[in-house]
Amino acid sequence: IKLLDTDTISQAKEKILDALYKNTPVSRRPQLGKVDLELRRDTGAALLCDYDSSNTRSGEWVKVNTLGHYKLGCRSHSGNETLRFKLAPHHSDHTVDTVSKFNLAVLGTSDVRVSSTSSLLHYEEGCRGKEDVRSFHLVRPFDMSSVSSSNDPQGHKIMSEVFLTRLLATKRILQPYVDDLIKVVFSSSSEKPVPKAIKYLFDFLDLQAANMGISDPDVLHTWKTNSLFLRFWVNVIKNPEFVFDIHKSATVDSCLSVISQAYIDACSTSETKYTKDTPSSKLLYVNEVRGYKTHIQQYYNTIQSLPKMEKMEMDEYLKEGTQTNQQYFVTESALYELAKYGIMYSAEVAAALNEDGLTDTVQTFEDVVKGLNPQHN
């Protein structure tokens, strides 16, 4: 396991746990705050913490301890001392059995001074018992704001170049995956036909637009985007922990927010106006968004050109899906949620059914509601 001497103790513990439990769902891993990191040397043992009596302090600011703070890159005089670390339960007396024991290679990186702002700065409420204490990792925000607001153009240029370079480098790494996701979500072929549920939903929206006399294509485009992409895909992209048993760090969350916003812009029918005040994260995908817009519109047109899907075919598709995946669903739970919705909006549902001429269905619906809620009149 390779660590940097600029890693905080929490970051070191996180890397260690990620390596040890890389094939284990995050819900089954030890929580970061539940384990302590001990340094074992030939001369004795020491507990490593983000905050202790040795923190560098300056007024209200406290620098978070790093591996470099504990001089872990320094070898013994003999030159052959091996650093060993031990993870132990938090607040234990450290005499219990070790959670894990292993060797680590600590890389000296004292010349690395700046990373992304979000990862370098955080505010600790009640740090070491003081509510007015602020903590930082490598660079104090006061120092950065001084450089940015000073009359020294060279200082401002250095800060801008550092962050912009990292921003563009990160985008280049992620770009193929961002493009592939758009192609996978908004594409259809003989090998990957349009899902029947999406075709049926879009046909339903087309029918509703026709019944309401809505001819503006932008309105229909917005309906389809809201019902499919914004409600489902953006939610999954922004919150992968909803689907996968993983940990989403603050840095990953920030990256996913930028990517999600690019997709949202791509689904919009209006042209986004960019100004000098537009954040750089939103400007990252200006060129790509134009291409995404065309791709998404072609996908919607392709679905509309397909033969209309009949209700009977959709019913058969849902029945088949239910039988195939019945072990993953709890029918009673789904019915309970539908029942709550039906009881809460019974009047509105009955009125809508009557408006559509489904009189027989209205009576059946009201009978079901009365059976579920005897107090319903």
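**Exercise 1. Which residues does Asp-265 touch, not counting residues up to four places away in sequence?**

Work from the predicted model above.

*Solution.* Start by placing the residue: Asp-265 is in helix H7. Next, list its partners. Asp-265 touches Thr-272, Tyr-274, Lys-282, Val-289 and Lys-293, once residues up to four places away in sequence are set aside. Last, check the accessibility. Asp-265 has a relative accessibility of 7%, and buried means under 20%, so Asp-265 counts as buried.

**Exercise 2. Work out how the rings of Phe-186 and Phe-229 pair, and which parts of the chain the pair links.**

*Solution.* First, what do you need? A pair of aromatic rings is described by the distance of the centres and the angle of the planes. Here the centres are 5.0 Å apart and the planes are at 45°. Planes under 30 degrees apart would be stacked and over 60 edge-to-face, so 45° leaves the Phe-186 and Phe-229 pair as tilted.

Now locate both ends. Phe-186 sits in the loop between helix H4 (153-185) and helix H5 (196-211), while Phe-229 belongs to helix H6 (residues 217-238). They are 43 residues apart, and the pair links distant parts of the chain.

Finally, look at accessibility. Phe-186 has a relative accessible area of 1%, so it is buried. Phe-229 is buried too, with a relative accessible area of 1%.

**Exercise 3. Stay with Phe-229 and classify its pair with Tyr-263.**

*Solution.* The ring centres of Phe-229 and Tyr-263 lie 5.9 Å apart, with the planes at 80°. Over 60 degrees counts as edge-to-face, so that is the label for this pair.

Where are the two residues? Phe-229 is in helix H6 and Tyr-263 in helix H7 (residues 250-267), 34 residues apart, and this pair also links distant parts of the chain. Both Phe-229 and Tyr-263 are buried.

Then zoom out. Ring pairs join Phe-186, Phe-202, Phe-229, Tyr-263, Tyr-292, Tyr-299 and Tyr-300 into a cluster. The structure as a whole has ten aromatic pairs. There's another ring to look at while you're here: the charged end of Lys-171 sits over the ring of Tyr-285, 5.1 Å from its centre.

**Exercise 4. Describe how H6 and H7 are placed relative to each other, and what their contact is made of.**

*Solution.* Two packed helices are described by the angle between their axes and the distance between the axes. The axes of H6 and H7 come within 10 Å and cross at roughly 170°. Angles over 145 degrees count as roughly antiparallel, so H6 is roughly antiparallel to H7.

Next, read off the two sides of the contact. H6 brings His-221, Thr-225, Phe-229, Leu-230, Val-234, Ile-237 and Lys-238. H7 meets them with Asp-253, Leu-256, Ser-257, Ser-260, Tyr-263, Ile-264 and Cys-267. Sort the residues of this contact and you get eight nonpolar, four polar and two charged.

Now for the connection: Lys-248 is in the loop between H6 and H7. At 19% relative accessibility, Lys-248 counts as buried because the limit is under 20%. Leaving out neighbours within four places in sequence, Lys-248 is in contact with Lys-238, Asn-239, Pro-240, Glu-241, Asp-253 and Leu-256. Lys-248 and Lys-238 are ten residues apart along the chain, with 9.9 Å between their C-alpha atoms.

**Exercise 5. Is Leu-181 buried or partly exposed, and what about Ile-303: buried or exposed?**

*Solution.* Take Leu-181 in helix H4. Its relative accessible area is 27%, so Leu-181 is partly exposed. Apart from neighbours within four places in sequence, Leu-181 is in contact with Ile-237 and Tyr-263. Leu-181 and Ile-237 are 56 residues apart in sequence and 9.8 Å apart in space, C-alpha to C-alpha.

Now Ile-303, in helix H9 (residues 286-305). Its relative accessibility is 1%, so Ile-303 is buried. Not counting residues up to four places away in sequence, Ile-303 touches Val-194, Ile-198, Lys-199 and Phe-202. Ile-303 and Ser-187 are 116 residues apart in sequence, yet 9.9 Å apart in space, C-alpha to C-alpha.

**Exercise 6. How many helices and strands does the protein chain have?**

*Solution.* Count them up: 13 helices and ten strands. For burial, 28% of the 377 residues of the protein chain count as buried.

Methods. Residues are numbered from 1 along each chain as its sequence is written. This is a predicted model: local features need pLDDT of at least 70, side-chain atom pairs count only at pLDDT 80 or more; totals for chains, interfaces and linings use all residues. Side-chain values use heavy atoms; hydrogens and water are left out. Rings of Phe, Tyr and Trp (its six-membered ring) pair if their centres lie within 6.5 Å; planes under 30 degrees apart count as stacked, over 60 as edge-to-face and the rest as tilted. Helices (H or I, at least four residues) and strands (E, at least two) are DSSP runs, numbered from the N terminus. Buried means under 20% relative accessible area, exposed over 50%, partly exposed in between (1.4 Å probe, protein chains only). A charge sits over a ring if NZ of Lys or CZ of Arg is within 6 Å of the ring centre and within 35 degrees of the ring normal. Axes are lines fitted to C-alpha atoms, for helices over the stretch in contact, and angles run from 0 to 180 degrees between N-to-C directions. Angles under 35 degrees count as roughly parallel, over 145 as roughly antiparallel, 65 to 115 as roughly perpendicular and the rest as oblique. Contact means heavy atoms within 4.5 Å. Ala, Val, Leu, Ile, Met, Phe, Trp, Tyr, Cys and Pro count as nonpolar, Asp, Glu, Lys and Arg as charged, and the others, Gly among them, as polar.
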